[in-house]
Amino acid sequence: MFAQSLSNAMEWEITTSAATSPGWRTMFRIAFAMLALASILITRAAQSQDAATAHPPIINLDNLDRSVDPCTDFFTYACGNWLKKNPIPPDKTSWSLGSKLDDDNRALLRQILEEAAAAGPADPAQKKIGDYYSACMDEKTIEAAGSTPLKASLDRIIGMRSKRDIARVAASMPSQSILFDFESDQDFKDSTQVIAEVDQDGLGLPDRDYYVKTDAKSVELRQAYLVHVQKMFELLGDSPGVAANEAQSVMRIETALANGSLTQVERRDPKLLYHKMTREQLEALAPAFQWKEYFSETSQPEVQSLNVAAPEFFKAMNAVLEREDLESWKAYLRWHLVNANAPYLSAAFVNADFDFFGKTLSGAQELEPRWKRCVSYTDNHLGEALGQAYVQRAFSPEAKRRAQEMVKEIEQAMERDIQSLSWMSPETKQKALEKLHAVANKIGYPDKWRDYTALTIARDDEMGNVLRARTFEFNRRLGKIGKPVDRGEWGMTPPTVNAYYNPQINDINFPAGILQPPFFDPSADDAPNYGDMGATIGHELTHGFDDEGRQFDAQGNLRDWWTTVDGKQFEQRASCVSDQYSQYVAVDDIKINGQLTMGENVADLGGLMLAYMAWQDESRGKKLEPIDGLTPDQRFFIGYGQGWCSNTRDETKRMYATIDPHSPDKYRANGVVSNSPEFQKAFQCKAGSPMVRENRCRVW
Ligand SMILES: [Zn+2]
């Protein structure tokens, strides 16, 4: 869901390397909620090598491969030498300029955390981040503890007397992918109200497709998953024979849940995720689950109505609850407990977890160094306390001012664009403009920082800190039910190298972490600044008007404000984009899923066009000269193209083809410029060149 994703800042891990970082499983759960529905704009996935913090120039001519004709393959022209000079570091699943920036950001965060840990600052929030980081870096204590930090939870599971106890145990393990997600969300039809919501979850693999696909690679991965689950049971002390049986139980239960789950493409349609029901209706869907006990144990006994995002899932959950015996459920719960927490335990757990999720599933070769993982965990669990210190050091008022200005210019460009559309009626244009004018711009960091007073952090208890932080965040989110919507809230932490649009709030959000060189540099040449950060801003803004975003009105309600004819016109234009991207190969024999990626591709196309319009307007009357033999227009497009320079492992490409609504970076460059007459003019591309599409797609 939109809100779910946005409010799940706690375990948000999109920018740290997908598979190598700890909560990557949670990351996927949340990220695709968010990616799919709330439109994270940019997955400039982060990977790293030990950081050099000198800022790179916004465009780098050494990265060009001039042996490639930009009209044939612009991505390889813009990035060819970068691709050759930047192999993927062993601890990464991909490597890009965004990854490098994320590494640089984490190096700065490390300094902040080491200082906080050493000095014991007087400010309570800063003391908490120092203590959290210290506990995480204390390998000796963590090693000595083994799996004992999970003992209380394990005992609770082992002590279950009947399946009726599952609800109570699930309530005691928030955010650990037990069966389903319990959340708060804005009511889709009344965006002023925060209501309770339950949604599908409960899997160990990244998506339901992993359980249902029958190709050889999927079958092989499931086999490897079974071996991994068995290994984790053995680490908890079970004999190999018992552990193998338990792994089979886990697979049966998860497969049943997967079969009841919506696909990623279905989840892009908000209408399929909105089913407001009374509590009695939910209880009738899944009577085998003790809802009364669950709501009361999660401190929400008064829930009387809620959104059941995926009703079919709860029917499937009920069937599997009835079918499987108590021992199988104990195996399922123990697996999810250890799976959610393995990254924070001793080396045996961390390494086994990495072997499957990092290596087998995503292709990384080495675990990230401990300090990087600990920086990411601190960001996940105390992100706004850490972010406050980050912003002081890395985001000047001048950078904020310039970013605000650029956002305004892009919004003005969109206003002109909407007014000039030949296919849209004046009536729908009026509504579109109302929505555009209502977009809230959030730049850098929240106006009001989150209060962590109620969260206890101990300097010698890593696992305890993680469990308490999860509970704190779970309670914080559920605490919003029935209260007014907080429109100032952020769904990403300030150091994050990413951005998003939230259709339920109708806001665009750019954390300080992405407003950095080489993506944004207030002191640099305008052309590549607009080509890169301008296009990112345009991308987020266009999400308000992509195939999902357009279904929400200016106030964030799911309400159709289009005339029938205009709606059809939109769909026709969007299907051009879907057809275009469906032709591209993601990896091996897997093509891009044009339906899954439609919103992102529409946003990419609109984003670059709006950035170009804004740049043209901004530089009107200025005399722009070529630099280094490149015209201003060429520099604009190279700024855009180099924003996508990246190398990605095949395993990760395969995973993203299933779960990531973004197209691979190469096509985020080529797919867009091949629809751009301004690009074709800038590089004098001839008709018939691969970067000149005969049938140009244009939505916005
Ligand atoms: Zn996007």
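Trainee: Donors are N, O and S atoms within 2.8 Å of the metal (3.2 Å for Na, K and Ca); water is not among the atoms, so sites may look incomplete. How are the donor residues of the zinc ion spaced in sequence?

Mentor: The spacing reads H-x3-H-x56-E. This is a predicted model: local features need pLDDT of at least 70, side-chain atom pairs pLDDT 80 or more, while totals for chains, interfaces and linings use all residues. Numbering runs from 1 along each chain as its sequence is written, and side-chain values use heavy atoms, without hydrogens and water.

Trainee: Which residues coordinate the zinc ion, and through which atoms?

Mentor: H539 and H543 each use NE2. E600 uses OE. The distances are 1.9 to 2.0 Å.

Trainee: Which helices do H539 and E600 lie in?

Mentor: H539 is in α21 (residues 526-543), and E600 is in α23 (residues 598-618), so this pair ties together parts that are 61 residues apart in sequence. Helices here are DSSP runs (H or I, at least four residues), numbered from the N terminus.

Trainee: Are H539 and E600 buried or exposed?

Mentor: Both H539 and E600 are buried. That means under 20% relative accessible area; exposed is over 50%, and partly exposed is in between (1.4 Å probe, protein chains only).

Trainee: New topic. Where is A319 found?

Mentor: A319 belongs to helix α14, which covers residues 311-323.

Trainee: Why does A319 count as partly exposed?

Mentor: Because its relative accessible area is 33%.

Trainee: What separates the C-alpha atoms of A319 and A288?

Mentor: A distance of 8.2 Å. Along the chain, A319 and A288 are 31 residues apart.

Definitions and conventions: Helix = DSSP H or I, 4+ residues; strand = E, 2+ residues; numbered from the N terminus.
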